[in-house]
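Thanks for making the time this morning.

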Amino acid sequence: MKYQIAFLPGDGVGPEVLAEARRVLELGGRLFDRTFDIVEGAIGGTAIDRYDSPLPPPTVELCKNSQAVLLGAVGDKKYDSLPAAKKPERGLLDLRTLLGNYANLRPVFVFDPLAEGSNVRPEFVRGVDLVFVRELLGGVYFGTPRHRDANRAVDTEVYTVDEVRRVARVAFSLAQSRRKKLTSVDKANVLETSILWRQTVAEVAREFPDVTLENLYVDNCAMQLILKPKSFDVVVTNNLFGDILSDEAGVLAGSLGMLPSAAIGGFAGLYEPVHGSAPDIAGTSQANPIGAIASVGMMFEHSFRLPEAARRIHNAIAKVLDKGYRTRDIYSDAANLKLVKTREMGDAICRYIETPNAP
Ligand code: IPM
Ligand code: MN
């Protein structure tokens, strides 16, 4: 099979981490007999500089003709003064809408060797394996009216039953394939959208009698994620809460740089690390490529139905961490750790994908 993949490095550390992700993609294609036509496009600040638009027409065309999209990161302080409609972030939001990806899977898996390095005590984070299912096309990110003048600004949180239902179904089926527990997170003690959310999730629950549903308010969930992160399996929540909680969960995994994501439900999956453009370290080869590489793993699983390839990538990451390879964000001065640059981390992961039993 031949697939076209839109390759959108974006801003900041995006190009650095995506260069490593690309090598893993090509290697996976070689090992699992898929041909990838990887075509680069501009998004975010780099697209603003070149085309005066964060999601220019050539990138739209490219993505429309692709079976999957791999994205680095968008955003830079340089564009802070632009109106919202012209900011780099807008390019990413418009891309999600264009592709129709309403469900954003953000797995948080704590690799054993990183449990010691987390800011949360190791006995609490060791063994954490949860997945956020973040609603991605609705809520306050997209609701109207939306405006701002000098004295007053308005954003609108909107959800329809259909929007909640479709993302809830993704979350319940995922829970069914895992430990069969779903936590739905809202603020139903205060917000009308959350009351609708909770009612709709309860209705969908009847289609999945083997899954245990629990409801948590978002403030309590933020606390439980630190107090007992192992109690979570699948967590479904709205666009804004999912954005916030997934950064928090990055702490459990040792670094936000570890977390991958897959946005699904539309005509082509969108795969990107959860971390941002990290302008402070851009160009220094210190960025952690694991989030981006694990996103390629998710692409193999969700877009190409190759869970074996995804497993192979996951195992190679585990191996590399076992062997002590660490980018700066996950490095500590414990014995036997090797502080490496973005490229060396990518090299080591490729080596163990190719030869899982290499020394
Ligand atoms: C994320 C990011 C984006 C979001 C930004 C860059 C628009 O923070 O993917 O988590 O808020 O969705
Ligand atoms: Mn975010």
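Predicted model: local features only at pLDDT ≥ 70, side-chain atom pairs only at ≥ 80, totals over all residues.

When the whole structure is searched, 8 aromatic pairs turn up. One of them is formed by Y3 and F304, whose rings are tilted, with 4.3 Å from centre to centre and 40 degrees between the planes. This pair links distant parts of the chain, since Y3 belongs to strand β1 (residues 2-10), while F304 lies in the loop between α11 (290-302) and α12 (307-322), 301 residues apart. Are these two residues buried or exposed? Y3 has a relative accessibility of 10% and so counts as buried, and F304, with a relative accessible area of 3%, is buried as well. Together with F36 and F300, Y3 and F304 make up one aromatic cluster.

Turning to the charges, K338 lies over the face of Y325, at 4.9 Å from the ring centre, and R351 has its charged end over the ring of Y352, 5.8 Å from the centre.

Now to the helix, which is α10, covering residues 239-252. Its 14 residues reach 21 Å from the first C-alpha to the last, close to the 20 Å expected at 1.5 Å a residue. At the start of α10, N238 brings a side-chain oxygen to within 3.2 Å of the backbone nitrogen of L240. The buried residues of α10 include F241, L245 and L252. Just after α10 comes G254, which takes a positive phi of about 105 degrees.

Methods: Residues numbered from 1 in each chain as written. Chains lettered and ligands numbered in written order. Heavy atoms only, no water. Phe/Tyr/Trp six-rings, centres within 6.5 Å; stacked < 30°, edge-to-face > 60°. Helix = DSSP H or I, 4+ residues; strand = E, 2+ residues; numbered from the N terminus. Buried < 20%, exposed > 50% of the residue type's maximum accessible area, 1.4 Å probe, protein only. Lys NZ or Arg CZ within 6 Å of the ring centre and 35° of its normal. Expected span 1.5 Å × (residues − 1). Polar contact = N/O pair within 3.5 Å; in protein donor to acceptor, adjacent residues only side chain to side chain.
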